[in-house]
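Dear colleague,

Please find below the structure that I am handing over to you. My findings follow directly after it.

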Amino acid sequence: MGAISSALPHALDRLATDSSRRNTPRAAATTSRKLASTKAAEAILIAASTGGPTALATLLSRTGKSRIPIIIAQHMPADQTAGFARYLAGETGLEIVECCSGDVPSAPVVTVLGGGTDYRLGRGSCGKLRLTRARHERNVVHPSADLLFASAADAGIKALAVV
């Protein structure tokens, strides 16, 4: 576990900035072609549930300031995510804010999605990453990681997804 903890921040940073990455293992098994677009990741999307707060604090502490936006979907009620953002900021020394909709803050600010609802990630009129409130009826926990991840893919946003 210790080896994973120490290697993960470096691996995430390398993946976020490596423009020569190949397809996923499944796709790489069937073909050795490169991704159609080799543009580096534009955001890191993190989904967490019950065990998330401690794991997120550890991950963010070891990752440090990111060069790309980090967006966290922590399954949590709406009245607790602002306090959770303050907790993470205190534990990590990073600037962490709660965001419920609108433009995603620029890196190195880390965004915690407001609890109790779901969000889509897309692009605003100037190409900036933008969150809009949504509802994922099939999901009982909010914010929905599935909807967040799928909306980023639908918008053509290159993202690293961490669960």
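In helix 5 (residues 145–154), the buried residues are A145, L147, L148, F149, S151 and A152; buried means under 20% relative accessible area, exposed over 50%, and partly exposed in between (1.4 Å probe, protein chains only). Helices (H or I, at least four residues) and strands (E, at least two) are DSSP runs, numbered from the N terminus. The cover over these buried residues includes strand 1 (43–48), strand 2 (70–74), strand 5 (110–113), strand 6 (118–123), strand 7 (129–134) and strand 8 (159–162), where contact means heavy atoms within 4.5 Å. At the start of helix 5, a side-chain oxygen of S144 comes to within 3.4 Å of the backbone nitrogen of D146. Just after helix 5, G156 adopts a positive phi of about 75°.

This is a predicted model: local features need pLDDT of at least 70, side-chain atom pairs count only at pLDDT 80 or more, and totals for chains, interfaces and linings use all residues. Residues are numbered from 1 along each chain as its sequence is written, and side-chain values use heavy atoms, with hydrogens and water left out.

The structure holds one aromatic pair (ring centres of Phe, Tyr or the six-membered ring of Trp within 6.5 Å; planes under 30 degrees apart count as stacked, over 60 as edge-to-face, the rest as tilted). F84 and Y87 form this stacked pair, at 6.2 Å centre to centre and 25° between the planes. Both belong to helix 4 (residues 81–92), and because they are three residues apart, about one helical turn separates them. F84 is buried at 5% relative accessible area, whereas Y87 is partly exposed at 34%.

Overall, the chain has five helices and eight strands, and 41% of its 163 residues are buried.

Yours sincerely

Conventions. Polar contact = N/O pair within 3.5 Å; in protein donor to acceptor, adjacent residues only side chain to side chain.
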